[in-house]
Each structure stands twice: as structure tokens, then as C-alpha cells.
Amino acid sequence: MSYEKIDEYMLDKYPKKVYRKRAKSVLPNDPAEPGEIQANVRTIPGIITQRGCTYAGCKGVILGPTRDIVNITHGPIGCGFYSWLTRRNQTRPESDKAENFIPYCFSTDMQDSNIVFGGEAKLKEAIQEAYDMFHPKAIAVFSTCPVGLIGDDVHAASKEMKAKFGDCNVFGFSCEGYKGVSQSAGHHIANNQIFKHVVGLDDTRSDSKFRVNLLGEYNIGGDGFVIDELFERCGIEIVSTFSGNSTIGAFENSHTADLNLIMCHRSINYVADMMEKKYGIPWLKVNFIGTEATSKSLRRLGEYFEDEELIAKIEAVIVEEEVKVKAELDLIKPNTKGKTTMLFVGASRAHHYQELFNELGMETLAAGYEFAHRDDYEGRRVIPNIKVDADSRNIEELHIEKDEAKYSQKLQDKKAALEAKGVEFSDYDGIMVEMEKGSLVIDDISHYEMEKLIDMYKPSIFCAGIKEKFAVQKMGIPLKQLHSYDYGGPYAGYKGAVNFYKDIDRMVNTKVWSLIKAPWATGAAMNASFVKVS
Amino acid sequence: MSYEKIDEYMLDKYPKKVYRKRAKSVLPNDPAEPGEIQANVRTIPGIITQRGCTYAGCKGVILGPTRDIVNITHGPIGCGFYSWLTRRNQTRPESDKAENFIPYCFSTDMQDSNIVFGGEAKLKEAIQEAYDMFHPKAIAVFSTCPVGLIGDDVHAASKEMKAKFGDCNVFGFSCEGYKGVSQSAGHHIANNQIFKHVVGLDDTRSDSKFRVNLLGEYNIGGDGFVIDELFERCGIEIVSTFSGNSTIGAFENSHTADLNLIMCHRSINYVADMMEKKYGIPWLKVNFIGTEATSKSLRRLGEYFEDEELIAKIEAVIVEEEVKVKAELDLIKPNTKGKTTMLFVGASRAHHYQELFNELGMETLAAGYEFAHRDDYEGRRVIPNIKVDADSRNIEELHIEKDEAKYSQKLQDKKAALEAKGVEFSDYDGIMVEMEKGSLVIDDISHYEMEKLIDMYKPSIFCAGIKEKFAVQKMGIPLKQLHSYDYGGPYAGYKGAVNFYKDIDRMVNTKVWSLIKAPWATGAAMNASFVKVS
Amino acid sequence: MLLRHTIDEVKERKALTINPAKTCQPVGAMYASLGLHGCLPHSHGSQGCCSYHRSALTRHYKEPVMSGTSSFTEGSSVFGGQSNLIQAFNNMFTVYDPDIIAVHTTCLSETIGDDVSQIAQKAIDDGKVPEGKYIVQASTPSYVGSHVTGFANMCTSIAKTFPEVSEDKLNFVNILPGWVEPSDMKELKRIMGIMHVPFVMFPDTSGVMDAPQTGKHNFFPKGGTKIPDLKRAGSAAYTFALGKFCSEDAGLALKKKCDVEFETFDIPLGLKATDRFLMKLSEVTGCPVPEELEDERGQLVDMITDMEQYLYGKKIAMYGDPDNLIPLTEFLVDIGMKPVHIVTGTPGKYFTEKMASLVPDANFKNGPQADMYLMHQWIKNEPVDLLIGNSYGKYIAKDENIPFVRMGFPIYDRVGHSYFPLVGYRGALRLVEKILSVIMDKIDAESTEEKFELVM
Amino acid sequence: MLLRHTIDEVKERKALTINPAKTCQPVGAMYASLGLHGCLPHSHGSQGCCSYHRSALTRHYKEPVMSGTSSFTEGSSVFGGQSNLIQAFNNMFTVYDPDIIAVHTTCLSETIGDDVSQIAQKAIDDGKVPEGKYIVQASTPSYVGSHVTGFANMCTSIAKTFPEVSEDKLNFVNILPGWVEPSDMKELKRIMGIMHVPFVMFPDTSGVMDAPQTGKHNFFPKGGTKIPDLKRAGSAAYTFALGKFCSEDAGLALKKKCDVEFETFDIPLGLKATDRFLMKLSEVTGCPVPEELEDERGQLVDMITDMEQYLYGKKIAMYGDPDNLIPLTEFLVDIGMKPVHIVTGTPGKYFTEKMASLVPDANFKNGPQADMYLMHQWIKNEPVDLLIGNSYGKYIAKDENIPFVRMGFPIYDRVGHSYFPLVGYRGALRLVEKILSVIMDKIDAESTEEKFELVM
């Protein structure tokens, strides 16, 4: 089908204004010359979107995985309730006694009187109650929609309580749901506050040789654990992960790392940038989704640290693991080769998971993000050209200055030297250059577009989230959730890759999809009589 | 209701011959002068009886509780299947590795060819296979109906295999289902063979001071464990139990005991008699069902052994336990006092459990046995007068002679001395002397009689077995199973008494029986119209 | 321990809710809306609400949950959501062609004071609502009541919107089923069929939230109450409002608007609540309770009498919604069990009054801070033999080794609730089966070898 | 270990059966007899047989099971049971007044060669059988086949005894349901109702073995196939014999006697077996499969597709009766599971032929020595993720820590099977729910804290 036809089939039903707007977010891909895609703009009301809100991005995504912060949602009960344990934030406390608040939902459960008379007093009382019961290292406060509107000052309240306690960091997030256009705003707000209130508080430097932060890895399904294990085998210390399996202590210490590695570019590139500005830590884009991507990312670490022993260890790990993966893949690939997929999810996942599908010999027919910006599609080179609109403008940009005491010129010098050798820092090329020519790229896909797309292409599998899962499956197409992994995983690293291969093999080859049609639907029955009337 | 009326209401529907026969098994009780009751006679075909067969009495009841004998049912699969784990034969192997064949069902699963051509060869092969797989201490073979008819000689086969193995006792039971008139014949056959093939094989004498056998205690629901524990606290050794939680080793050694205690008179009195004849061991009737009965039975032991220290220990145990029981009973008795019961079950249970009901302040309106003989009703004094009929005659009576080497004249002398002081040995007065005047005694009650009886008296609770349970409960009357204890228990000893009190309290006072009638059954509904037609 | 910070000592909290036994209004309104045929719910607020509610319902039902959102931005929060909503109407009618759009508000649109009925009127005036299409709208501020309140509010709006006033009352009744599962709604319809009583039921999520796999996604599944039925609800002889919290207001609204006599009943969950429902049905309609239902009742009682030893005296902790907890408590007491700790986040004095009469000795609490954390603390102080509630209970069940029956909303980790009812006698039979199953599983699992039972 | 003597090494046994996966014929005949209204089963043999069979059925159903016995003594065993049986007839008709006495033999009466039909004739001649009363008798030697054979033999006798020859075939069908639960028989009747196909079903234990608690013991509960229906079975247009082992012979007998066309089908257990049954029903009667059933089918497929990840590739060991195991195996394979060990004590080449085609790589065996001991040995050699079978499996399940779904006969330690069907699409839905429930319970129980999942 030509692109025009697709466009027509998929978008023609829209009202004109909607059509015009949506058409800008739908592009046939040309990896050689990525076109300009509309992204990070307001969702069209009523269109039925995949997107969530700023609170979800802030409290759910970024702070959800931290285990030793008491995260209090300031608002009516719903926001806290829905973000309670629904994101599979796996964590591994240091001991049976160590703090782990992840299974808890804390909320001020605002009532109408709090809306009318203000909720700050209740918020402070709630913080006090949490402190009295749990004596946590930190308490974080998340604002929901009404909070901003009624003028509760969560930051002032937090500051006051922090001062009162003395031994407990308290800080707040103005992550009201209506801010920005998607979860992305929430990531930004979350990162800003963590950077402001936490990063840099602990200057202790462990004596390990290779010290990195892993940014934008949320340990869904245990991905982070797999990466941790790989790094450990190579002898690399992860100072902090933002924010899978994280602790407030690790955030406080994160500025002492020698390198930042970015997994999910969209949600976290701010932090890398700010840390580089303030502390001089360079950053590299990595990807541990996919066998090749994992090996490549590990090798980038070797390249960065320029240490023979490290490089040897990394190569040993790669050889050992790749052999195992290959053995599994050889069995599976014949079952999956030639099948097709579409990915509409998150920001980085729709990109990274194409690696795994490639390895399975599966073609990605279409992909797009739920809450990405243009740079996630077209690469960071377009950042200067991105128009800052009203919705972006009201998300605070921190003004960062060099911390003269803690800034590492040494790392910057190292970076410069490596750049001279051709190593690329602070770069991300986006999804488009890696997708096939003619495949479709669609930002913020609507439910309607999704159904049409499936109708047209009948992919072997579709990747999205829980809201899409059963509608797509009702169409007879298996849907792989790439937020929750359908409660499977891990999918990161070599071990994760094998898990993914197996799961996809199962999903595209299980017989259950063949059971859908009732045999009488063919019209074979009912053509006979009951008793022949003689 | 006068007895004549009862008789009429309960039996009148029967055909005349049946009426005449059944009337002899139904008596209004007079404890002062127990009447002659017809018992241990053939069940009337088609009447719907509680009774089972000889195989059930032999393999199910007596040998079922032994754990280290491989019990092979020689016959079609059913008999082995139905007696497989259905009698709650609790057992406590010496260790995790010790033998326990109770969870297994072994059968020759006779096929038609075995019926036509004989099953002995298959039996021997089965014994061989069992030996090869398990190397047990003993293998026992149980004959089912066809075995006797087709002429398989299980005894010869057993003897041959025993000789062949050398290290495994193999013996058989001619317990075909059609023998005798009830399970009782099976008990007799079982006891005879155990006495013949096992008892007396091991003369080892432990050095404990007070050594007894406990006969007729099958450890249903852990009753035997409770008694074991009581005896241990008093310092009395149970050399063997026939046959709860038993081992072949204990049987072999049982003739070394100083006293036999009989719990279930019906199933086991043969063994006590034979052991007294052959080895000179006196026997006492005891009962550990009921608090008073337990104390009384313990005291009989003190009386027998005439040991100050033992008597002191026994009294201490009694005092300690009775206080605990009383505390519980005081709470429960107000709920149960004045309620009524009927017991139609087994042999001894219908008698023993009246003790517990008495303690609860509950009246026994009627009772009777399923497979007892006249002596179980009227006492052992009637034994000489019991007419031996054709069905009894064909159950082998072993001819026992004194074993001069092992016979203990000392014990007999002790017995004589105690008898002189008024201690009663070898005695059982039966159920009737202990039942109220005017209560009903019915042997081998039929289903029809049972329903009529319930109709007439509406007891608060009825005690019988699984076949009666739900018919009675459909009448709105709770039924307590006294074979399986409804999978509860233990009910023996002090601890068991409290369990029983609680269970009966629950059963007669639970509100669930009040839920039976639908509210519209009162006719309250339906008296209004739908829409008033104007 | 999964919940390692839950401490034994119960101290009153005034501000902090921990592990709530409720969620917010809009999700209830969304669920109720899905019970109308051809209806597209719409969330007037931030898009996160809609996403959360759709996700919650989807996880619970493993079914598509379609809903629009006004996708508020900071601008709309300042200037009002009118333009977003009118745009949304236009887009939804154009693209998805619903017969009804059911708008519920959120804390956001409520706080800024959007008047949805006025906006809807404007949309109609502006021609953004096609002929013959309906907009029903409910005010569901998240900071009032709970998800149950939202359900009730949407039901009330439905009752105000569709039913037509009629002088002549006809020989049928209205059933307001309350927040029960599609399976329960189907079971209620089966019972009405057996009773031979014609009826209109709304909402009705059966055929929607339990839609078959057909290889085709029906954006509007074939279930749900149809508009003509909603209209004629005004001429019913009687309305059975099931559940004080979920349905009474809708019954009242219908009474006010169309003068349909009504009474509020417990959801027919358990023996006596079903008895009362059937008795009244019989009384109102003159239709006797037929043998088939009497037999089902008898089967239920049969299982209870047969198995009472495994039920008697067992202590229970439970949490959920008041309309379920009230008849459930009555039923559990009737079958000899002992509810000892009961919480619901949904406020309302009726709950505590009922509990005080049903289980005066139990710990019970509702409203703010009546949360699962409190219940867990109670459990630590007085352990229980059974836990009943939504999937969040699994953390307590695992920590405390308590047999656990999933019931209520949400159930995220098991299936069956959408297909197998718990209402009526058959439903109670299933409930007792489930209770017995977990209790007996524990007996088996913890039994020593010597006490392991073949027959139970 | 409960089964501590079960060793890994599998050695062929020729004589010893250990832990059988079957029992003997008479209990099946008794169960079939209970499916006729007003029928009193009678066991012609030792009274122990009758006691055992009544106990087994009672434990399985927690219902009264009434049956007479000829109470053979040694004398009767020598001289024949004629006088006992005639006496029994007289007593039963006098005291219990059944419409039908259904006599089955035992290994005893078979071995001595009692001719029950001749004895019955003599009873009739002697006036011991009242006018209008029936005696039906089946030869059920325990040493041939299994309990399944006994069920089949009694069904065949019923088919030979009651149906009346008719030239005119009428627009209804016969359903021989095979050995399924009363709930299943009720479900089959519900399906026939939805299909609008008139039918006679025999035997039919619904309303008998699932009788309500009413405060009265109905010696003959109101269920069971009625004599007029049994009679008119001869004029049916078609007979559906469900289950090769249980029903084919009865279908054949009916064909021979009354020339009713018939075919044998799998018991409609699982998706495809139900599909085939409905397709044929539709074909024979011209009644289309209605939407309601198509929806139930779609709901079943929906649950399977939604939950396939928890089913896929899971290894299963199972034991039971061939008519159940065959469609069950087909279904489990269809939903992505892997039956790897299958035994039934019931002999018959058809079983192994079917298994060879359905699961060629599995271990399967039937007939003598195809017992649970063997299956357990196989499990020790190749562990499984799920065990399906009767209550005796709990010992293996506990020893080997295998999730366990109770299905088949006997189930002594759980309730529900008499009320909730496993046949048809709804039944398959329940089966899948149960399978998922035990598999997911194990995941939860064994999950580390970090992997414990709220949403599944």
C-alpha cells in the first residue's frame, strides 16, 4: 500500500482539523533522511490516547522504583492508588530489615474540605505521621491536579518539615497531572527535584576503578538486576541507577561517578546533561536490550575506560554469553523469521526492542512513541530546532552552574581526548535512522489509528501497553506489553534477550489464536434436516 | 411413645417374616435386667444395612493400621481400592526412612482369565514383585470373594513365598467377603492369623516396669497417640497396640507384656483370650473414651501393678488433666445439656461414646451396633448361651494350648490374688446395663428403621457412619460420624474428650440448620399483585 | 516480609492514608458507563486519570476499555475545559460513533468548576452532537466519597437522563444492580428469567466486560443496557435498588422524575440477602419463587450443612465496598464464620450502623484512614483464618500466611470473576466453594504426614 | 514423603497393581442406576461391595446413596443367590417402594454364575414384583474392565430394557451423557435448551446426586430420567452416545432394538469436543448453534488467549477415565499445554490409539498395572507442572509439590464438582480457571519478594 493510501485509510475519517494535526505525526520512514515528525504536542481531546499524565511520569515512573523514600501522594486517593504496585518496580533491599516502602501507598486522601480550605496542613500532618511511624531517610511529596489549583505549596511544606525533623530529607514535586502534554513532563520534573535536593549530598568515593551511573533504567521485570550482574562480572561499579532498584543514598553519591550511561534517552537525558554541566561527568548512550546492543554497549565502556584488563574481561563476558545466546537463537529463529511486528510504546522501548526483533528475523512495520520528543525520533541534532511551546515552557528548566569544588576537569579532558579518536559522546541518533525505509513512524498513535494499522498490515505481533492489549488481541493479534513485559522478563542483557526470544516465539506460534473461529462460522452445519418427513 | 407404638411405627411396614426377625433385634432397655437381643445374625437382603463384609473387617479394620506390612489384596481391583486410605489409619513411622506402606494400595487386580484359570500364579508373581521392589519385613495376602470360590490357596502360596524369601514373613487371610454376617468375622480371621503367624516370634523383653498391650485401639484420628502419650506420662510401656500405629515387630513381641488392655471388646477379645491361654497374660477391659472412663481405666492399671510410684503418677496425671477438662466442660455443658443423641455404629463405639454424651449432659435415646454379638449388648456372662449358627461356625476357632516355655504363671498368680481383692478380669458387662431404662437398643439397624426413629424422636444429633450421614442430615439433624470422626479427633483421653465436647457443641448449636427453610415456604410472599390494574 | 514496615501498634492517624481500601470516583463512573450499550465513557480532566482508570478496569477484566479524555493542559486548567470537551465530543462522534457519550468529571475539572451540563448543552447547540445521540454527565469529584460514589453518581445521572415519564405503569420492574461483576449482572438476569419477571436492568456490563474473543474488536460490544430500555424504565412498576451506596440515589432519582416506586435492598449476596430480594420480587409481582430457585437455595444450604465444620468459627478479615461487605458479613455470620476485621475506604454512617448490628464485637471502620494498613495491624493483633478482598490483599496473605479469597475490585492477578457470579444462591455456592478451597488447601499444605487426610 | 516407597526406576510389573487408576464395575453400575428416577440400585453379592460402593459415592457427592444388597453368606455362595435376591426384591418393593430396581452383579455372584435375569423373571412370576414396577439388571463382574465398564453395562441394560420400538421417529434426540457429574448432566440439558433441541437424556443424576437440603430426606429425589422418557427413547431421531467407553454400547443397543441412528462422540469436554458435539447436533436437527453458545465459546477462547502465557508448555500428568482423558488431552494440547504422563486403569485399545495420535511423545498406558504408582514413577523421571485427577493424587501432589486440579472420580476432599460443570464451553472455562488458579497460586507461593507480582 502506498503511503497516500495508508494515510487515507488511517486518517481520513478524522475531522479536518484533526486530520491536519495527526498527519504531521505520521511519517513513512526514510533512514537516510529522517523527516520532521510532530511530537511532544498536545493530545487531541477525545481521540483515545495511550498517554498518561505528568504525575504518572514523575511519581509512577521515576520515583516509583526507589525503595527507601516514603512517597506521599498529595491529592485525592485515586492517583496514589493507581500508581501503587502497578509498575513492577522490582527492588532488592540490602537485608530483611532494610527499608522497602515500594509495597506501600501513601496518600493524603484529600477530601472536599481540603479542596475548599487548602490541604497544606493535612499534608504536613501526613508527613509528620509518616515520619513518626517509619523514620525514613527521606519523604517525597507528589502533587496531583487540585494541589496546584488550590495553591498548596508542597515545597514550602516539605522544607518546613525537613527543617523540623533534621534527620529526614523532605522534598516535593509540582507534578500536577495537567502539566506538559504527557508523562514526559513528569520525568523532567522528577529529575529536576532529585538533582536539586539529593544529588551531590554524599561525596564518598569508593575505591573501585570503573565507576558509572546507569541512567534511565527502571528495573522493570528485573532488567536492572541483569545489567548489574553483567557489570559486576566485568568489574564495573554502578554507583547509582536512575532509578531502578535505587536508594536515596545512591542518588546522593551519584555525582562521584566517572561516566553516565543513558538507557532511556527520553526520560533522563536532562540528568546527564545537568551532571555534566555541574560535575563534568561525560555521558554515553547505551542500550542493553538486544544481544548485539548489549555487546556494543559493554565495548563502549571498555573504550571509555581504556583499561586492558577491563577490555579483556568485557570480551570474555561477551564471548561466553554470545555463544549461549546463539545456541538458543538458532533453535528459535526458524520459528520467528519473516514474522512482523509493530511497536508503540514509551519512548526508548519502541526503539530498543527493534533490536531484539531484528535478531529474531522479524520485521518492524511501524513504530512510534507515546511520550517522546522529536530528538527521540530524529536524533539529538534536531534539538536546537525544536520549538518550545507553551506546554514545554511551563516545565521548569534548572539553571545549572559548574560546581567548582566537585567538577572533574579530568573527565572532561578524557572525553575530549576520546572524541578526538572518534568516540561519540552525548549523542543519540533517534529511532528513524535505524528503521527500514518505508516503515511507518507514528507519534502518539490513537486507538483508531492503531486498529486501522492492524487491519492493513496484520502484524504477527503488536507491542504496546495494557490499555491496548486486549483490543488488539480481540483482533486475533497477540500483543506484547512493553511496559510490564506481560509480567515476564527480564529482557535486558543476554539472559533477557533469550527470555524475550522465547516469549515472542511462544506468542507468535502458540496455537491458541487458531481456536478463535467457531467451526459453524464456516456454514458447514445446519444444512441437514432433523427427521426426514416421509 | 410406648414401646408397642414404636414397634408398630418403626417395623410395621415390613413383610411379616422380616417383621418377626427384626423385632428380635429391637429392645426397650432395662439396665437392671438386660433382655435377650438378637445379634450377629444374617442381614436381611434388600433391607439397606450399615454393614460391610469380612474382608473389610480383616484388611480394612485390623490390618489397615499396620504400616510395615505390604498388604496385598488378592482379587479384583475394587476391594483394594475401597479400603485404600479411607479409614484414617494414622501412623508415625520411626523415621523419615522407616517403612510406611499405608498410603499404598496393593492388589493382584484379578482379571477374568484369573477367575477361569485360577489366580495363584499371579498372586505369587505379585508377592515376588512386591518383595523385589520393597523388601518388606512382611507381606500379607487378603482373599476377596472369588478367591475362595475358585479355590486359590492363599495360605499355600504365602508359605511357599515365605520359604523362598527367607527374610520376609508372608501369610494369608481367608477373609472372603461372604464369610460370616458382618465385618466381625473379618476381625476374628485377622486376629487368628496374626496370632498364628506373628505373635510370639520375638521374646526380647524391654526393662521397663509396666508393660502392657493395648488391644482394639485403631488410632483413628490419632486416638492411639493420645493414649500413648498418657501412658508415657504415667511411665507405662505399651508393648504393642492391636493395631493402631502398629508394626509387625510389636506384634511379634506382644506376648512379653504383663497385661492386656481391651478397648474394643468386639473386634479383639479373641486375641486377649488366646494370649491368656497361651502365655498367661491377664486382660482388663478399659475405655479411654470419656474423661471419667479414662481416669477409671488409668486407675485400673495402678490397681493391677500395685506400685506406689505408678499410682502416684497416675493420680497426678488425672488431677492435672481433669482440671483442664472441667474448665472446658463448664463452658460447653450449658450449651449441650438436655440435648439428645442416638448412636448406631461399630461395636464398642456406640457404647463408649455414651460416656462423652453423658458428660455433656446429653441423653442417649437409642443405640445399637452394626456388627456386634450378644455379649457386646448383654455382657460376657451370656457367651455360654450364645447359639453358634452356621455363619459363625465356619469362622475358624484356633485351638490354643499353653506355651509352656513362655507361659507366665506369675501373672496368673497375680491375677488370682487381685481377683480375690475384687478386681474384675476378663469381663465386659456390655452396653445395656449402662443405658437408661426405656431407651431403645437396636442391632443392625436398617435405613428404614433409622429414618422412622429419627422421625419419632428428633434427636439433637445422630451418630453413625458415612452411608447414613447425609440422609440424616437431609432430615435437618446433624450426624456425627463415629468411624471417621468426620475427619476430626482425636477423641480419646482427656484431650480427645475436649475435642469431642467442642465438636458436639458446634454441631448441635451451629446456626446453619436454621437456614434450611426458605422464607417463602411460610406462604408470606406472593400475596400481593404486580401492577394494580386501575 | 513484603510489608515489613507494618507495625503492630495501632495509633490513630488523621492525615495519612496507607494502602487504601478504596479508589476515586471517576473509575466507578467509567465502569457504570460501560454498562450502557453503545456508550463511550469520557473523562473530563487530565489524560492521566483516563489512562489510570482504563488500565485499572482493563487489568481487572482483561478486556478492552475504551474511553475518551479531555486531555487538560495547564491552559485548560486555567481557562476551563470547555473547548477541550466540545472538541472531544466532535472527535468521538466523528471517529467512534457512539450512541451515548458518558462524561464524568475529575478532581481537576471539579476544582476549576467546569459546568459539564452547560458545556454539553453548548455542544448540542453548536451541532457537535449528532441527532439521536446522547450525552449523559455525572459530577464525580475524586475528593468526595470513593469509586463507589462515582458509580452511584453515574447511575443517578443515567436515571435522570433517559427514563421517560409515564402515567401508566407496566408490568415490569427496574433492577439497579449496583457495582457487581458482569457475571453477577448476567446471573441477576438469569434469576429474573426464572422468576418470569420482565425487567429493565441498568447499568449492565455483561456482554461488555466479558466479551467473547471473536477475532474482531467490537468497539461497542453487544452488551449493555439499550437506550429504549433506559427510556421505558420510567414506566416500570417498581425499582429494586440493590446496594444502599451504589443504587439508592438512582432509585430516588427515578422515583422523583418518573414516580416509580422503589426500595433499596442489599445486593443479593449470600443466602438471606437473596431470600429478601426474591421475597420482595415475589411480593411485588405476584410471581412465586419457582422450584428451580428453591432448589438452588437448597443446594447452597446443603453445601453449608455438609461442610460446616470447615467454616465454623473461622476468623475473617475483609475489605472492599460497603454494598458487598454488608451482605457478605451477614452471610459469613450465618454460615458460622467470624468476621473480625472489616474496613472500607468508602465513607457513610450506614456502614458502621449495619456492622454494629451484624458483628458488634468486630473491628470495623470506614472512610478516610480506614485502610488496609489499619486492617493489617488489626490482623497482627488478632490473627485470622481467612482474608477476603481485592488483589492488594495478597501481600498481607503472603506475609501472614492467611488463606485468601479474591473478591471485589480490583482483581489484577486471577481470572474468573467476570464469568462466574457471586450473587444469588449459585453465586453464594461458588463463594463457599472458594472459601472452603483455600481453607482446605491450607489444611493439606500444613498437615503433618500422619494427619494428612484423603477424605475431608 | 507420604509415598516414600515410590522409586524412580520403572520396572515392568506383570501381576501387582499399586495405587490403581480405576476401581471395579459395580460402583459404575450403581452410579448409572441412580440416574433413573425412582430407582433403587441393588448389589447382588456380599454386603461389603454395596457398603463400599455406597461409601465411595457418598464421599464423592456428600449425598445419601441408597442401595440394597443381597447380603450373600457362605451358604448363598455355595447354593446361589436366588433366594436372597427374591427376598430382597420383596423387601425393597415393600419397604422402599421404588419404581425400578436396578440390579448389578459382583465378582461373587458372577463367579458362582447366578443368572439374574432368570431370577428376576422368577420374582415376577412369583408376584414379588408389583405391577408397573421394573427390574433392570446388568452383569458387572468386577474382574472385567473397570468402574467405567460397569457404568457402560448398566447404561446398555437400561437401553435394552425401557425404550419401546417405534416405526415413527420423532423430532428429538437421545443423549447418553457418559459418566459425568450431575452438574455436567445439568449443563448438557442447559445446552440442549439453548439449542432448542428436544431430547431424552439417560442416565441423569442431576437432581439426585446434587439434591437440595430441604429438611426432608427424599428417598427418591426428584431428579433422574423418568420411565416415560426412557420408553420414548426408542422413537428418537438420533442418539448421541457421549464417550466411547461409557456410552457406545448403549447407543448400539438402542440402535439394535429400536433402530435409532447413533454416533459416538467424545464427551464435550474442552473446546473442540464441544464444537464437534454442537456441529453434529446442528447438522442432525437443523437447529443452528445460537449466539449464546457462540458467545460462551468466545469467552472460553478469550480466557485462553488472555492467559496463554501461564498455560503454554506446562507439563501435565493425569489419570482418570478414558472418556474424560481423551477430550481433556485434546483440549490441553489445544491450549498449549503438554500432557506428558497419562494413565487409566480402564483397558481398551481405543485409548492408546487416541493418545498415540493426540500426544505421540507422551508416556501413556491403560489397563492392568497402568496405575498411579507407574505415573508417579514417570513424574519422578520427568517432573510436571500440573497434576489432574481424583483425590488420590493429593499424595503425589504433596510429595512432589505439584499444583493439583481435582477432576474425575472419586473426589473425597473437596466440593463443587457436583454443582459446577466441566463440560461444554462454560465447563471448559471453569477448568481453565482452576488450572490457572493452582498454577498461579504456586507462582505466588514460591515467588521471591522481589518478583512477587500484583498484576498477572
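**Entry 1: chain D against chain A**

I began with the buried area between chain D and chain A in this predicted model. The two chains bury about 3,200 Å² between them. Of that area, 61% lies on carbon and sulfur atoms. I then looked up the contacts: 42 residues of chain D are in contact with 35 residues of chain A.

Next came the charged pairs. I found five salt bridges between chain D and chain A. I also noted 11 residue pairs in polar contact across this interface, both residues at pLDDT 80 or more.

Which elements of chain D supply at least two residues each to the side that touches chain A? I listed strand E6 (170-176), helix H11 (271-285), helix H12 (291-311) and helix H13 (322-334). H12(D) gives the largest share, 10 residues. I sorted the residues on this side of chain D by type: 23 are nonpolar, six are polar and 13 are charged.

**Entry 2: one pair across that interface**

I picked out D:Glu308 and A:Arg506. They form a salt bridge, with the closest N and O atoms 2.6 Å apart. The pair crosses between chains: D:Glu308 is in helix H12 of chain D, and A:Arg506 is in helix H21 of chain A.

Are these two residues buried or exposed? I found D:Glu308 buried, and A:Arg506 is buried too.

I then checked helix H21 of chain A itself. It covers residues 493-509, so I counted 17 residues, as listed. From its first C-alpha to its last, H21(A) reaches 24 Å, close to the 24 Å expected. The helix is mostly covered, with 13 of its 17 residues buried.

**Entry 3: chain B against chain D**

I moved on to chain B and chain D. Here 82 residues of chain B are in contact with 77 residues of chain D. The two chains bury about 6,800 Å² between them. Carbon and sulfur atoms carry 63% of it.

How many salt bridges are there between chain B and chain D? I noted two. B:Asp109 forms a salt bridge with D:Lys22, and their closest N and O atoms are 2.8 Å apart.

I looked up which parts of chain B touch chain D. The elements giving two or more residues include helix H3 (54-63), strand E3 (106-107), helix H6 (120-134) and helix H20 (466-474) of chain B. H6(B) gives the largest share, seven residues. By type, this side of chain B has 44 nonpolar, 21 polar and 17 charged residues.

**Entry 4: salt bridges elsewhere**

I searched the whole structure and noted 144 salt bridges over all chains.

One of them joins B:Lys414 and B:Glu306, at 3.2 Å from N to O. This pair links distant parts of the chain, 108 residues apart. B:Lys414 is in helix H18 (residues 409-420) of chain B. B:Glu306 is in the loop between helix H13 (291-305) and helix H14 (308-336) of chain B.

Another pair is D:Asp444 and C:Arg406, with the closest N and O atoms 3.5 Å apart. It crosses from helix H17 (residues 424-446) of chain D to strand E14 (residues 404-406) of chain C. I found both D:Asp444 and C:Arg406 buried.

Last, I looked up a network. Salt bridges that share partners join A:Lys469, A:Lys480, A:Asp486, A:Asp503, A:Arg506 and D:Glu308.

Definitions and conventions
Residues numbered from 1 in each chain as written. Chains lettered and ligands numbered in written order. Predicted model: local features only at pLDDT ≥ 70, side-chain atom pairs only at ≥ 80, totals over all residues. Heavy atoms only, no water. Helix = DSSP H or I, 4+ residues; strand = E, 2+ residues; numbered from the N terminus. Expected span 1.5 Å × (residues − 1). Buried < 20%, exposed > 50% of the residue type's maximum accessible area, 1.4 Å probe, protein only. Contact = heavy atoms within 4.5 Å. Buried area = accessible area lost by both parts, 1.4 Å probe. Salt bridge = Lys/Arg side-chain N within 4 Å of Asp/Glu carboxyl O. Nonpolar A, V, L, I, M, F, W, Y, C, P; charged D, E, K, R; others polar. Polar contact = N/O pair within 3.5 Å; in protein donor to acceptor, adjacent residues only side chain to side chain.
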